[in-house]
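Hello,

Here is the structure I promised to pass on. My notes on it follow below.

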Amino acid sequence: MRILGIETSCDETACAIVEDGRRVLTNVIASQHDLHAEYAGVVPEIASRAHVERFLPVLRTALDEATMSLNDLDAIAVGNRPGLIGSLLVGVAAAKALAWSLEKPLIGIDHIHAHLFAPLLEQDADLNDVYPALGLVVSGGHTAIYLCKSPLDLNRLGSTIDDAVGEAYDKVGSILGLEHPGGPKLDKLAQTGNDRAFDLPISRLAKDSLDFSYSGLKTAVLYAVRGFPKQDPPPPPLDDVRRADMAASFQRAAIGAIMFKLARAIDQLDARGDEINSILIGGGVSANSRLRADLTTFAKERSLTLRMPSLDHCLDNAAMIAGLAHHKLTAGQLDDLTLQAIPTAKC
Ligand code: KG4
Ligand code: ZN
């Protein structure tokens, strides 16, 4: 069973072909970072226009790499929620056109659920060993914890009440003068800094909350760098050593909040007798070196199996869309041409 996955929810135009939900035959991603860098963030109108231009070349490259033709495909899957509406519409329209003209099944996929399937790509793990699992999605648009009973049965336990963690990385990156998206560059810069140099807040929220908040941390960095109240003249810019220290201190607080919430989630599940077999993570920030290291230690301490995506499958990609679609196809959960692009996440 070979499924074409299509992903256009934000600023990556991607097509992938995945066999039997696991084997990635091709995974083509055209990033638009060059187009958005000068605005220090994704401009929705530019993103949707670029998807229109890039979609067919990306699809052709994917078919060429897999040495397949459209007729060899068994189904067409598309990330249809959540995301930027103009961007989603391009992928959904393309998927409908392909499914209709080829007379193949059409499958709409939740982008966040797909991020939590990414750790299972190219793995031969038995699903009975993987689930139930605690799922952590950390990306530019989302930060949330899920109780996952299967690839398709996910229940959100908490999510960010303001900024997503990747968004905080990108905004702090821009405060520190790093080019958008700042996340990966900040991760690198932090490796040479002292993570205790600045005392930044680790958000915990209310006693039982599994939600996240990143706007306070981002503002704390802004005040520490630019001065508060506003100073005239402004304080001198941080030198290279202090920039690395700030990056490391921010990262300690940002990742610290995630580890704190994961521990709280597992304790709460334990207390109500909900056992989990593993931790699944996904989303762009799951490529972060400190998060990967801290999670590895955490999972060992709790005797849980940690399943992280390979670095190719952390950021937005269509392999995760096609992989998860295999499970919807085998469960008979198909869509028709009324499939909608939906900007909001499922609760
Ligand atoms: O999953 P993704 O590609 O898009 C969304 O669904 O949002 O995630 C992109 C986010 C960006 O904010 C980017 O800065 C962040 O992931 N990111 C990182 C790293 N690599 C990507 N953040 C921290 N450390 C990294 N190594
Ligand atoms: Zn994503």
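In this predicted model, α7 and α9 are roughly perpendicular to each other (the word covers angles of 65 to 115 degrees). Their axes pack at an angle of about 110° and sit 8 Å apart. Axes here are lines fitted to C-alpha atoms, for helices over the stretch in contact, with angles from 0 to 180 degrees between N-to-C directions. Helices are DSSP runs of H or I with at least four residues, strands are E runs of at least two, and both are numbered from the N terminus.

Leu186, Asp187, Leu189 and Ala190 of α7 make the contact (heavy atoms within 4.5 Å) with Arg243, Ala244, Ala247, Ala248, Phe250 and Gln251 of α9. Those residues divide into seven nonpolar, one polar and two charged. The classes: Ala, Val, Leu, Ile, Met, Phe, Trp, Tyr, Cys and Pro are nonpolar, Asp, Glu, Lys and Arg are charged, and the others, Gly among them, are polar.

Helix α9 (residues 240-271) also meets helix α8 (residues 215-226). Their axes come within 11 Å and cross at roughly 160°. That makes α8 roughly antiparallel to α9 (over 145 degrees). Leu217, Val221, Ala224 and Val225 in α8 touch Met246, Phe250, Ala253 and Ala254 in α9. This contact has eight nonpolar residues, no polar and no charged.

Next, the metal. The zinc ion (ligand 2) has His111 (NE2), His115 (NE2) and Asp316 (OD) as protein donors, 2.0 to 2.1 Å away. Donors are N, O and S atoms within 2.8 Å of the metal (3.2 Å for Na, K and Ca); water is not among the atoms, so sites may look incomplete. The angles among the four donor atoms run from 94 to 145°, and the site is irregular. Four donors would count as tetrahedral with all angles between 85 and 135 degrees; four count as square planar and six as octahedral if opposite donors are over 155 degrees apart and all others between 65 and 115; anything else is irregular. The donor spacing in sequence is H-x3-H-x200-D. His115 is in helix α4 (residues 111-115) and Asp316 in the loop between β10 (305-307) and α11 (319-330), so the pair ties together parts 201 residues apart in sequence.

Some backbone points. Cis peptide bonds join Tyr131 to Pro132 and His180 to Pro181. Asp20 is not a glycine, yet has a positive phi of about 50°.

Residues are numbered from 1 along each chain as its sequence is written, and chains are lettered from A and ligands numbered from 1 in the order written. Local features need pLDDT of at least 70, side-chain atom pairs count only at pLDDT 80 or more, totals for chains, interfaces and linings use all residues, and side-chain values use heavy atoms, without hydrogens or water.

Best wishes

Notes
Angles under 35 degrees count as roughly parallel, over 145 as roughly antiparallel, 65 to 115 as roughly perpendicular and the rest as oblique.
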